Amino acid sequence: MRFDDQVVFITGAAHGIGAATARRLHQEGARVAIADHDRDAAERTAADLAERALAVTCDVHDRDSVDAAIAATLETFGRLDQLVAVAGGSAPMPDFAEQSDELWNDLIDLNLTGVMRCIRAALPALQCSDRPAVVMVSSVNGLAAFGEESYGAAKAGLSNLAKNLAVRYGPRRIRFNVVAPGTIRTRVWDHQPGSLERLKRFYPLGRVGEPEDIAAAVAFLGSADASWITGITLPVEGGAMAGPLHFSGRAFNDPDQ
Ligand SMILES: NC(=O)c1ccc[n+]([C@@H]2O[C@H](COP(=O)([O-])OP(=O)(O)OC[C@H]3O[C@@H](n4cnc5c(N)ncnc54)[C@H](O)[C@@H]3O)[C@@H](O)[C@H]2O)c1
């Protein structure tokens, strides 16, 4: 019960990695705010947890929406100890040379600026906690070149954001860390049938990740077990980065590979 008495605000918690993280932290005693722009799904995730869970509407693209979601969490639970920023994602991309400003900015906004909005809104409450922590969910795309330049650049930005904020807020005991997942079995792969089966051979541990693999790492970094860890990016990727030759562009881009 590492999160007994703690209140955790989790963005993107209606589905996938965020929902698994909410379940894990809740199981360890946390009161959880399921913050997502998909209100209906957020309600379902919160209902599954039955107690100590609140669904809040939160669109990370919108400062007012983020601020209101944090305020609603404080109103219900009276405090905030941790922020887990999971909301994010990619989109089909044209060739880099054909990239529009709009598409580029949209992915940077979702994956980087949106996280900044959540941290900014949460900071005043976090500074009142005795065990404050922020965990951001990035991607291996932020650690190396897998294509999807705007998504990768945004995710890479999270690592630097964590370092800067770890230094700036270290004296106030707020910790900032990042988890960088490899391929995780969520709905984002549904439109590419067979892709997870194809990708698993690039993972030395012989499988792609499950949302619970990421939830476990987020729980560790947010817990007192990680109380002397701040400013890091933890890859959680089944050993994929240990064998970078497996990740040729051909292997990833060619559906026959
Ligand atoms: N699935 C993977 O293979 C994988 C790999 C590496 C990193 N990631 C990252 O993990 C995170 C979660 O991905 P997932 O696979 O669970 O995807 P998912 O689509 O299942 O979950 C994403 C969640 O974010 C929410 N969301 C999207 N836009 C939002 C917005 N503007 N405001 C608030 N909520 C919003 C969605 O409603 C959803 O609940 C993302 O940041 C993604 O980039 C995923």
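1. Strands β1 and β4 (residues 82-85) run parallel and are paired through four bridges, where pairing requires that DSSP finds at least two bridges between two strands and strands are DSSP runs of E with at least two residues. Within β4, A85 is the residue that stands opposite T11.

2. This is a predicted model, in which local features need pLDDT of at least 70 and side-chain atom pairs count only at pLDDT 80 or more, while totals for chains, interfaces and linings use all residues. Residues are numbered from 1 along each chain as its sequence is written, and side-chain values use heavy atoms, with hydrogens and water left out.

3. β1 is also joined to β2 (residues 31-36), again in parallel, by five bridges, and A35 is the bridge partner of T11 in β2.

4. Five of the five residues of β1 (residues 7-11) are buried, so this strand is largely enclosed by the rest of the structure; buried means under 20% relative accessible area with a 1.4 Å probe, protein chains only. V7, F9 and T11 cover one side, and V8 and I10 the other.

5. Turning to the ligand, one of its oxygen atoms is 2.6 Å from an N or O atom in the side chain of Y151, and a backbone N or O atom of I184 lies 2.8 Å from a ligand oxygen atom. The protein covers 93% of the 830 Å² of accessible area that the ligand has on its own, as computed by the Shrake-Rupley method with a 1.4 Å probe.

Notes: Polar contact = N/O pair within 3.5 Å; in protein donor to acceptor, adjacent residues only side chain to side chain. Buried < 20%, exposed > 50% of the residue type's maximum accessible area, 1.4 Å probe, protein only.
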